[in-house]
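Please look over the sequence and the model below.

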Amino acid sequence: MRSKRQMWPLYAAGFTTAFGAHGIAANLGGFSDDAVTSLLVLGALLALYDGAEVLLKPLFGTLADRIGARPVLLGGLLGFAAASAIYVIADSPAWLWVARLGQGAAASAFSPSASALVARLNPSAKHGRAFGSYGFYKSIGYTLGPLLGGVLVWAGGLRLVFAVMALLGLAVAIWAAVDVPSVPPLPKTRQTVLDLLRRLADPAFLAPTAALAAATAALSVGVGFLPVTGRLDGLGPIATGAAVSVLAACAAVVQPMAGRALDAGRLAPSRGIAAGLLITAVGLVCAVLPGLLGVLSAAALIGAGTGLITPLGFAALAAATPQERMGQTMGAAELGRELGDAGGPLLVAAIATIASLTTGYTALAVLIALGPAVAFAVRAARLRQRA
């Protein structure tokens, strides 16, 4: 019972960072305010949160290893609450930039710390289930963020969204302070920059991180571009919104199932990740199909594929990482996900500008499928050599 109580605040932290990312981002464009004066300004505001995460997650992950993940988690949650409260109090366009940057920096602290604590507080035999549940609640945050944010903006404007986020960050910080135990940093040997580069270049780190980045790239493309495809096929906003909901729901449902299968020994991480990549690639190809069938099948397969990859990828990283370096690894892996989150849509958009959106889907599908294809070719070559 105590171990379950320890995990719930970490799941809530995962929800908070996802809700913080999408709850405001999805509603800034429709909010009439002096702070959002053009598409360029909107793009810059959207980039602040993710940009802070890209730069700071590895640093805060390393800090979690040095002083312990719990204080970094609590500090990040309190920082998130404080940054959110800034805009509530100031209610000024200039302070919106400060608040959004502060939220991203704070999320950079508590997100990898929560992942590290999920690994530290659970035995390796239960990592699949733990990361599957953590991913489930994070997916719920991504799913409900745009909807709840929209309702809050409608009810009380952007300040109400920030007020709710301030209260959420404070509540989760108090909850974590009560139920998450102190996990002291472990003694570790001195690590040079060359040692770090060697560890990050190890296939045991690179393969799961690349898979997580690919999954996040496909997820972002699905959320961003499937509604565009639906509109081009003559579908209304209800149908395109349903497609995004199907994607998020499939990702949320599959993650705990994949984690339980991993812990039970029914699913090997490498094969599960390869299967997830192939399913995701097929989903992107399905987006080329016309009409509602194409959009919905693409959403379901992309969601299922990414839901399979995410807990297996994090569990594989945790299994291959020394406990004393867990924060650093999770921070670096989260950086890979953020790069995929930005790179996937940029790649598809660039190709769509030159050729077509269907060509963009196909190109990303090919890139994602290359990983399992290369792994299969290497395995086949090794078997031939042994024979």
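A residue is called buried under 20% relative accessible area, exposed over 50%, and partly exposed in between (1.4 Å probe, protein chains only). This is a predicted model, in which local features need pLDDT of at least 70 and side-chain atom pairs count only at pLDDT 80 or more, while totals for chains, interfaces and linings use all residues. Residues are numbered from 1 along each chain as its sequence is written, and side-chain values use heavy atoms, with hydrogens and water left out.

| Residue | Relative accessible area | Class |
|---|---|---|
| L147 | 55% | exposed |
| G371 | 39% | partly exposed |
| C250 | 23% | partly exposed |
| C286 | 15% | buried |

L147 belongs to helix α5, residues 127–156 (helices are DSSP runs of H or I with at least four residues, numbered from the N terminus). Together with L144, L148, V151 and W154, L147 makes a nonpolar surface patch of about 540 Å².

G371 is part of helix α13, residues 357–386.

What about the interior? Leaving out residues up to four places away in sequence, L284 touches A218, V221, I302, Y361, L364, A365 and I368, where contact means heavy atoms within 4.5 Å.

The structure has zero disulfides, a disulfide being a pair of cysteine sulfur atoms within 2.5 Å.

How values were computed. Patch = residues over 30% accessible without salt bridge, like charges linked within 9 Å, V, L, I, M, F, W, Y side chains within 5 Å. Areas by Shrake-Rupley, 256 points an atom, 1.4 Å probe, with all protein chains shown as cover. Salt bridge = Lys/Arg side-chain N within 4 Å of Asp/Glu carboxyl O. Helix = DSSP H or I, 4+ residues; strand = E, 2+ residues; numbered from the N terminus.
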